[in-house]
There are 2 protein chains.
Amino acid sequence: MKTTFKLIVLFIAISFVSCKQTTSNSIDNTTSSENNHPSLILTQQGVAAIRANLGSIPIFDKTLAATQKEVDLEIEKGFDVPTPKDYSGGYTHETHKKNYVLMQKAGALYQILDDEKYAKFVKDMLFDYAKKYPTWPIHPKPRSYARGRVFWQCLNDSNWLVYTSQAYDCIYNYLTEEERSTLETDLFRPFADHISKESPQFFNRVHNHATWGNAAVGMMALAMDDAELLDRALNGVKVENFDPNEKDNDGGYIRKDGQKIGFFANVNEPFSPDGYFTEGPYYQRYASYPFLIFAQALQNKQPEQKVFEYKDGVLLKSVNALLNLSDVDGDFFLLNDAQKGMSYYNSSLISTVDIGYHFGGNNPGLLSIAKKQGEVTLDDAGLAVALGIKAGKEEPFVKKSIELSDGADGDEGAVGILRSDDLELVYKYTAHGLSHGHFDKLSFALFEDGDEIVQDYGMSRFVNIEQKGGGNYLKENKTWSKQTIAHNTITQNEKSQFKGKYDIGSKFHSNTYVFSSDNENVQVASAKEENAYPGTKLHRTMVTIKDEDYRNPYILDIMRVSSEKSNQYDLPLYYLGHIMQTNFEYNKLSTPQILGKSDGYQHLYKEASALANGENIKLTWLLNNKFYSYSAITSTNDEIILGRIGANDPAYNLRNEPTLILRKKNAKDALFVSIIESHGTYSPVTELAEDAYSNVKLLEVVYNSEKYTAVKLVMNTNTAKVFIISNLDNSSETAHKLEINNKEYAWKGSFILTEIK
Amino acid sequence: MKTTFKLIVLFIAISFVSCKQTTSNSIDNTTSSENNHPSLILTQQGVAAIRANLGSIPIFDKTLAATQKEVDLEIEKGFDVPTPKDYSGGYTHETHKKNYVLMQKAGALYQILDDEKYAKFVKDMLFDYAKKYPTWPIHPKPRSYARGRVFWQCLNDSNWLVYTSQAYDCIYNYLTEEERSTLETDLFRPFADHISKESPQFFNRVHNHATWGNAAVGMMALAMDDAELLDRALNGVKVENFDPNEKDNDGGYIRKDGQKIGFFANVNEPFSPDGYFTEGPYYQRYASYPFLIFAQALQNKQPEQKVFEYKDGVLLKSVNALLNLSDVDGDFFLLNDAQKGMSYYNSSLISTVDIGYHFGGNNPGLLSIAKKQGEVTLDDAGLAVALGIKAGKEEPFVKKSIELSDGADGDEGAVGILRSDDLELVYKYTAHGLSHGHFDKLSFALFEDGDEIVQDYGMSRFVNIEQKGGGNYLKENKTWSKQTIAHNTITQNEKSQFKGKYDIGSKFHSNTYVFSSDNENVQVASAKEENAYPGTKLHRTMVTIKDEDYRNPYILDIMRVSSEKSNQYDLPLYYLGHIMQTNFEYNKLSTPQILGKSDGYQHLYKEASALANGENIKLTWLLNNKFYSYSAITSTNDEIILGRIGANDPAYNLRNEPTLILRKKNAKDALFVSIIESHGTYSPVTELAEDAYSNVKLLEVVYNSEKYTAVKLVMNTNTAKVFIISNLDNSSETAHKLEINNKEYAWKGSFILTEIK
């Protein structure tokens, strides 16, 4: 009843507001500047609906209560607007970050609860900024290619503006025209100018940095009703001269010659038609917020822009793609620079999911993710989700095997995710991924039930942990994490793919060869890479096989290398866990040796080695009380290196985790074939080991030509299977016939797995 | 109704049984041998009560249903009694183990459900054993000092008999007299003889092995009603000659000269009056089952023995002691040989808790443990627990700080456990702990919220993982795990305490100096060790301090060393996690070096080192997204070694975990003072680091004499405290006065912590 009463008062208040003249710059001439606030993430209709439903929408009510509690506490404590000084993790950085989050929340609370103390909190803080900002020079820390004024980089300044524009929108009507004028003149316009006009190397890019910058300027433009600024956000800053060779401090190019800029360019280029973001899910998660929050604001304010329909609805598709790039626990897969543990519980994913639901056709699967997240955004989108959950519309968000194309046109390779029972195989055959890309074409990682079994190292960075290089990228990110040998793929002659050069790597991409997930018993992802090492062709086929004889599916991995000249090929397996047993004798060195001189090899210790006798090798390890085995075909004199990460690591920046490297020397062509199994369990409570041994008895190459490769798998039940792949024809329609060991195999399509009777 | 009917039938059946003549050996002449079965863990009254309550006692019903399902499946599959061949982890070992567990369960099911298929299953299996056992020679695997016939060691044969005796008791009345005679003559008596008369080196000990042996023979004696065997179980085998220098394959003495033997001796000696088992909780967990199951059987069959009153009720006290030796998750602390992850969810703890409840005065705290365990024993004790839970009598089992004395008379040192909020400090100043003891006097381990932060390595063994040395003790257990340098305590001159010799170590024990936990803000455990290194005295005081300025308590550690001559002292800190920062510059070696030649040093790599400049050193590390810091006082030229476990480990048996060793050279007396804090958190989802820095500004020794040691603690809030301990007078009544830096401190008792204004 109380809410209803307040609502009536509000409507009366609104109708009595005198219509003020809009500025000449105004975006929308049909309403007064006061009449159309709030209008970014909260709308007037939305606020009315929220107030009407309060108390009966549990997930919204819970979020509101938690937010109110948090903000009340901070209001009581008082705020600080310190002179900028620190890198991330330091006091001034973290305080300014806290401030913008609090302003955004307080703004929403003001609208929803209609309690002026929240508006006053935002106003007081904004005026403190407006007083100090003009006195602050460029941030004193020099590391960034585009330094901010509040933070060490324009990126964080943009974060500030994206949040603050929402707060400003919410308290717009609470302020007098004079107050608004002061804030806009002393704070918002110079702030927007600094990250745009004064930092074109930051603003005029296609990059997550520029996305934040564009969204920041665009949202403040919408809040201030400033058409010039909005144009800048959507189309970039007009700059006469720019140097196409200029790079940022991560080594990424600023801008290609002739490249389009501005928000729409930033939507168009990095997203494939499937919604895959070329930098990978870690950065998509980060960029997702400005993409979607600005899109939402634009949709609310200028629906005629049809931002959610742009590029066949790619922003909404990206929500689905991003969620599919997470494991069963919601943790994102590691692709390119990425910190482990980032998940869809991150706050930016709350708005991603809510906006995806509200503007993307109310997909009931998103409601189950929102329910797990346990909170919603305090806006129209969050209300829609809360009402959906309340109405019991929730359905499970089912993640199946999926291939997500890369490249603006979807023709620059892909990520293939094969899901089979509890296993999730992430196979990467993408484009480079901009400045955050790693030189790891045809690499993979394997997860079981949310735990990484065969790892992608991720990045060398402890985000926001100031003790570790200010929380920024560590030098080992370049010397180790990006290098090919740090990944589960081929390094040729101890040199990284594309010579480890971004300039070269960013020109090429791998190509999908086969992706087939219709038959859940035999799923195949196969891809080719022909540019990583000129003159050498790589073709890797990964197969998940469900076999009713065993509790878990297993992975067959066929890496086929053909080259014009003789090379050394290294194929590492970054297994995580403790070695239980090998079937080969190795010589453990008394002290570890450094494996090589450059390209990441300088960070690896060789702990032990063995020479293969041409028979299958097997490694069994234990992780999280589960037994895993790797079985691989070898040739006589292949070298097996048991290694560990951590050499040339003067500040303990790296994790000392193990690897097994299979090395083939003086080979033109090479075929690496292996099986990875999760076959058993151990309980330290019952002390019982179940199925502690591998089920693979023998792996054998029974055919290998330019046209076909065939591998025989004999299991310990003595059943034998053969897997054949056509190496040149990937059509699913072609009929093939092949005789192997006097037996004829005939099948349709690019591959077959069949039992040998 | 059906149950009631069956009950009546049963009573009628019993009353119609003709009274048979008991054998001359009979334990109890007042009833027929059939009338008093079952009588070990199930009694006739118990069975009646269980049947009467079935369907209304959820935890019991659930256990029963699960057991029935499991046994039914096995009955369907059929059983195997294979010729013994393997070590633990191998097929024959695991199968015989499975068999005895199944027989025990099937026996109970027969009694409770009155379904003859279960009795038949037990009978069939027993007859298969009775047919084969006489043909089996000593087990072929040679590793044990006391080889079994079914298993590689008598220990496992004893396990078999402990379980099988219960099964036999349950189906006793189902068998004809002739059948019983066959089983007893061909199987049970020779079986009991083998582990007792034929293996006195196993049976006549005070050791968990002998406990199992005694219980095995004793329980079968009670089941068969054989007074001679029972006497053997209670009092040992009379043997004329025994060699007091004889040792088992773990290096433990078989028996001291003049030592009492048999079950009561095994209760008396290893348990202190507080119920602490000298081998530590891992082995107490293992021995707990035979102790309590046999005690239960003895209580049921011969209450006049008053077994639960023996030694002032020590068996029941041991239940409480054992549960107190677990962390918040129920995982046992690591003391001596112990595998990580063992917890009170282990099956032997189900009976421990249930028997403890049923025979120990119905402590309602045990019901909450039983509820967590989620199952009960299918016997009278389990029924009591189920009825207690049903009646809502459950209360939390509160674990507070506790000191548990060691030694048969409680005067051989102790384990001190200080609990303060989420921290649990386990400080060891015990006797040696028999053959499973480690040379680690005055060592400690630290847990937070169930995670080990500063670790005790535990044992070098992968129990029942056949690939790792048959699942048995690995040689690294002796060369690494037991050695002093593997622990968080002093190693003098790179030699283990007591020269690493069991013969010497087992003669001595440390001594409690102070244990005070009344004031939750300042809890102290202090102990002295004067025999580990002749001529050197060690006195370590560990304090948990709650300080309202900080979110967590912290640990002050004062290790005072005084010696007659100059030595090198090494004090390691086996922190678990990733180094974030040190406040000292270290020189990282390009490749690790082996730290030493023997006494465990040969298993440590030196990765980096630094020379102290006399100021405090600080190490901050990250584990499970929590920040920890170690701050320590140093003297100029103290050496700081950053090391890692794993050298001389040819088969990857060791875990490659880190340590920091503080080394003082050429010192007679030395004082190691440090603080360990858990001060902050990190979230990979929000990427926020909170309180990432240590709160300790300065640690300083402000006084140190024979009589007193005083340490000043300055925190980053600039509050300063001083902790003073009286080194010679541990009375809580003595009044002390001490002037430090012109300020007088006066207090009563052995220590004081006071703020310096």
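Where is the place of A:Asp691 in chain A? The legend of View 1 gives the answer for this predicted model.

**View 1. Backbone at A:Asp691 in the predicted model.** A:Asp691 is in the loop between strand E20 (689-690) and strand E21 (696-704) of chain A. Although A:Asp691 is not a glycine, its phi is positive, at about 50 degrees.

View 2. A:Pro38 belongs to the loop between helix H1 (2-16) and helix H2 (44-53) of chain A.

**View 3. Relation of chain B to chain A.** Chain B is superposed on chain A by a rotation of 180 degrees with 0.1 Å of shift along the axis, and the RMSD is 0.1 Å. This is the relation of a two-fold axis. Of the interface residues of chain B, 98% are also interface residues in chain A, so the copies meet through the same surface.

**View 4. Salt bridge between A:Lys606 and A:Glu639.** Side chains of opposite charge can pair when their charged atoms come close. Here the side chains of A:Lys606 and A:Glu639 form a salt bridge, with an N to O distance of 3.4 Å. A:Lys606 lies in strand E14 (residues 604-613) of chain A and A:Glu639 in strand E17 (residues 636-645) of chain A, so the pair ties together parts that are 33 residues apart in sequence. Over all chains, the count comes to 74 salt bridges.

**View 5. Packing of helices H13(B) and H14(B).** Two packed helices are described by the angle between their axes and the distance between the axes. Helix H13 (residues 310-324) of chain B packs on helix H14 (residues 347-359) of chain B at an angle of about 130 degrees, and the axes are 9 Å apart. This angle makes H13(B) oblique to H14(B). The two helices cross in a left-handed sense. H13(B) contributes B:Leu316, B:Val319, B:Leu322 and B:Leu323 to the contact, while H14(B) contributes B:Leu349, B:Thr352, B:Val353, B:Ile355, B:Gly356 and B:Phe359. By class, this contact of H13(B) with H14(B) has eight nonpolar, two polar and no charged residues.

**View 6. Packing of helices H2(B) and H16(B).** The axes of helix H2 (residues 44-53) and helix H16 (residues 380-390) of chain B are 9 Å apart, at an angle of about 40 degrees. H2(B) is therefore oblique to H16(B). The crossing of H2(B) and H16(B) is left-handed. On H2(B), the residues B:Gly46, B:Val47, B:Ala49, B:Ile50 and B:Asn53 meet B:Asp380, B:Leu383 and B:Leu387 of H16(B). The contact of H2(B) with H16(B) has five nonpolar, two polar and one charged residues by class.

**View 7. Packing of helices H2(B) and H4(B).** H2(B) also packs on helix H4 (residues 91-113) of chain B, at an angle of about 65 degrees and with axes 9 Å apart. The two helices, H2(B) and H4(B), are therefore roughly perpendicular to each other. B:Val47, B:Ile50 and B:Arg51 of H2(B) make the contact with B:Tyr110, B:Gln111 and B:Ile112 of H4(B). By class, the contact of H2(B) with H4(B) has four nonpolar, one polar and one charged residues.

Terms used: Residues are numbered from 1 along each chain as its sequence is written. Chains are lettered from A and ligands numbered from 1 in the order in which they are written. This is a predicted model: local features need pLDDT of at least 70, side-chain atom pairs count only at pLDDT 80 or more; totals for chains, interfaces and linings use all residues. Side-chain values use heavy atoms; hydrogens and water are left out. Axes are lines fitted to C-alpha atoms, for helices over the stretch in contact, and angles run from 0 to 180 degrees between N-to-C directions. Helices (H or I, at least four residues) and strands (E, at least two) are DSSP runs, numbered from the N terminus. Angles under 35 degrees count as roughly parallel, over 145 as roughly antiparallel, 65 to 115 as roughly perpendicular and the rest as oblique. A crossing is left-handed if the near helix is turned anticlockwise from the far one by less than a right angle, and right-handed if clockwise. Contact means heavy atoms within 4.5 Å. Ala, Val, Leu, Ile, Met, Phe, Trp, Tyr, Cys and Pro count as nonpolar, Asp, Glu, Lys and Arg as charged, and the others, Gly among them, as polar. Copies are superposed by least squares on the C-alpha atoms of residues with pLDDT of at least 70 in both. A salt bridge is a side-chain nitrogen of Lys or Arg within 4 Å of a carboxyl oxygen of Asp or Glu.
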